[in-house]
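User: I want to learn how to read a model of this kind. Please take me through it one feature at a time.

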Amino acid sequence: MKTKSLIAFLSLLLASTVTMQAQSLSNKIKKSVVEIGETFTEIPKEELLILDQIAYKLHKEKKGNNTAHAIFIDKENDKTSQLAMIWLKTGLHYYGLENLFNIESAGIENNSKHVNLNSLNQFGFKVKNDKNNKIKLKFGSGSWDIHPKNIESLTETPRTIKIATEEGILKNHITLHLNDTHSIPKEMLYIATRINNLEQIIK
């Protein structure tokens, strides 16, 4: 399928899945997901190739009874890797696939700085900050606890998919160029939509 046709199909798939999505997301977030899906055509072709690669790897690792595990990694687990994790998890929740994938974020170095995620409020999330740099991110009937983590604190397996969000962070792993935080929602939701498409094909 040609790139433009595929993107159009995926955008339509995302928009038509309203009745099938995970019930835990708030209505405002669901609406934001659909609206962001309409911007898939803005993703550069060279980036689409990387996003498709990530979607396929996650889908492949999930086969059988496996839970696919991916970690977004940057230098200090700052806003970039956190947002990538949050938006991919949101997309997977939208399609009811959240229990099949374990998505995390981490830094190469320790980070004691506060990560400001208040921009997520505009999409329907409720961000609550505490004094210990921890964030409670409510997405509807559920929430995620967000805080900076070091890669060494996470449990990995040889099958864990590591995705660098900065150039030069990791060798021999996938690198996404997420310099513009505004592009993160559409790229992560594209991955989730692509995974859902692959899941539908094998059913």
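Analyst: Begin with the elements: helices (H or I, at least four residues) and strands (E, at least two) are DSSP runs, numbered from the N terminus. This is a predicted model, so local features need pLDDT of at least 70 and side-chain atom pairs count only at pLDDT 80 or more, while totals for chains, interfaces and linings use all residues. Residues are numbered from 1 along each chain as its sequence is written, and side-chain values use heavy atoms, with hydrogens and water left out.

User: Let me try a loop residue. Where is Leu 25 found?

Analyst: Leu 25 sits in the loop between helix H1 (3–15) and H2.

User: Is Leu 25 buried or exposed?

Analyst: Buried means under 20% relative accessible area, exposed over 50%, partly exposed in between (1.4 Å probe, protein chains only). Leu 25 has a relative accessible area of 3%, so it is buried.

User: Which residues is Leu 25 in contact with?

Analyst: Contact means heavy atoms within 4.5 Å. Leave aside neighbours within four places in sequence, and Leu 25 is in contact with Lys 30, Thr 90, His 93, Tyr 94, Phe 139 and Gly 140. Take Tyr 94: it is 69 residues from Leu 25 in sequence, yet 7.1 Å away, C-alpha to C-alpha.

User: What does Met 188 touch?

Analyst: Neighbours within four places in sequence aside, Met 188 is in contact with Phe 72, Ala 84, Trp 87, Leu 88, Leu 176 and Leu 178.

User: How many aromatic pairs does the structure hold?

Analyst: A pair of aromatic rings is described by the distance of the centres and the angle of the planes. Rings of Phe, Tyr and Trp (its six-membered ring) pair if their centres lie within 6.5 Å; planes under 30 degrees apart count as stacked, over 60 as edge-to-face and the rest as tilted. The structure holds five such pairs. Phe 40 lies in the loop between helix H2 (27–37) and helix H3 (45–62), and Tyr 190 in helix H5 (residues 184–202), so the pair ties together parts that are 150 residues apart in sequence. Phe 40 is buried, at 0% relative accessibility. Tyr 190 is buried too, at 1%.

User: And Trp 87 with Phe 125: what are the distance and angle?

Analyst: Their ring centres are 5.6 Å apart and their planes at 90 degrees, so this pair is edge-to-face. Trp 87 is in helix H4 and Phe 125 in the loop between strand E2 (101–107) and strand E3 (126–129), so the pair links parts 38 residues apart in sequence. Both residues are buried. Together with Phe 123, they form one aromatic cluster.

User: Next, the sheet. What is the order of its four strands?

Analyst: Strands of a sheet pair through backbone hydrogen bonds, either parallel or antiparallel. Two strands count as paired if DSSP finds at least two bridges between them. This open sheet runs E2-E1-E6-E7, with parallel pairing. E2 and strand E7 (174–175) stand at the edges with a single partner strand each, so one side of each has no neighbour in the sheet.

User: How many bridges join E1 to E6?

Analyst: Four bridges join strand E1 (residues 68–74) to strand E6 (residues 161–164). Phe 72 has Ile 163 as its bridge partner in E6, and Ala 70 stands opposite Ile 161. E1 and E2 pair over seven bridges. There, Ile 73 is partnered by Ala 106.

User: How many residues of E1 are buried?

Analyst: Seven of its seven residues. Ala 68, Ala 70, Phe 72 and Asp 74 point one way from E1, while His 69, Ile 71 and Ile 73 point the other way.
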